[in-house]
Amino acid sequence: MAGHQRDKVIPDEVHQNQIFRELYLKELRTQKLYTQYHVNPLRKVHTITRKPMSWHDNLEEPADARFLNLIHHAHQGPRKKYPETQTETQEIGWDSEPLVNPERNDHRLNHFRVYNDITLYKAKMWSLGEDSRRT
């Protein structure tokens, strides 16, 4: 079956003309002539940046106070924007102030490492690689 080739049928001019006519009518049915153009509202518009060395693009424009306030408000953290949490994930870190005053002088809560002579000697030996099982 692999060696079998089909003979191509050469269409005559009448048959070829009928195929072209059907294609032409099909194209006419599906084509629409648009004379009014507008921006697609469902697609995002990409802004094109200005040329940096162009003199007419670098003219000073007045600052828009409403736009600047909107940008500054957007850059604030959620605790400054809202009086309470807006989502459940904001509840995790909303009250981040410590419950107990973190005074470093209060020895009830702060247990610092205290090095005496012997503890300093042993810490140095451990850093050099001495094994504590032998002692």
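## Overall layout

Going along the sequence, the pattern reads α-α-α-α. That makes four helices and zero strands, where helices (H or I, at least four residues) and strands (E, at least two) are DSSP runs, numbered from the N terminus. Keep in mind that this is a predicted model, where local features need pLDDT of at least 70 and side-chain atom pairs count only at pLDDT 80 or more, while totals for chains, interfaces and linings use all residues. Residues are numbered from 1 along each chain as its sequence is written, and side-chain values use heavy atoms, with hydrogens and water left out.

## Surface and burial

Buried residues account for 2% of the 135 residues in the protein. Here buried means under 20% relative accessible area, exposed means over 50%, and partly exposed is in between (1.4 Å probe, protein chains only).

## A nonpolar patch

Phe67, Leu68, Leu70 and Ile71 make a nonpolar surface patch of about 360 Å². To join a patch, residues need over 30% relative accessible area and no salt bridge; like charges are joined within 9 Å and nonpolar side chains (Val, Leu, Ile, Met, Phe, Trp, Tyr) within 5 Å. Ile71 sits in helix 2 (residues 65–74), and it counts as partly exposed because its relative accessible area is 32%.

## Arg79 and its partners

There is one salt bridge in the structure, meaning a side-chain nitrogen of Lys or Arg within 4 Å of a carboxyl oxygen of Asp or Glu. Arg79 pairs with Asp95, and their closest N and O atoms are 4.0 Å apart. This links distant parts of the chain: Arg79 is in helix 3 (residues 78–81), and Asp95, 16 residues apart from it, is in the loop between helix 3 and helix 4 (117–128). Arg79 is partly exposed at 43% relative accessibility, whereas Asp95 is exposed at 67%.

Arg79 has another contact to look at: its charged end sits over the ring of Trp94, 5.6 Å from the ring centre. The cut-offs for that are NZ of Lys or CZ of Arg within 6 Å of the ring centre and within 35 degrees of the ring normal.

## Ser127 in helix 4

Ser127 belongs to helix 4 and is exposed, with a relative accessible area of 53%. Its side chain reaches the backbone oxygen of Lys124 at 2.7 Å.

How values were computed. Accessible areas come from the Shrake-Rupley method with a 1.4 Å probe; for residues, only the protein chains shown count as cover. A polar contact is a pair of N or O atoms within 3.5 Å; within protein, one must be able to donate a hydrogen and the other to accept it, and residues adjacent in sequence count only if both atoms are side-chain atoms.
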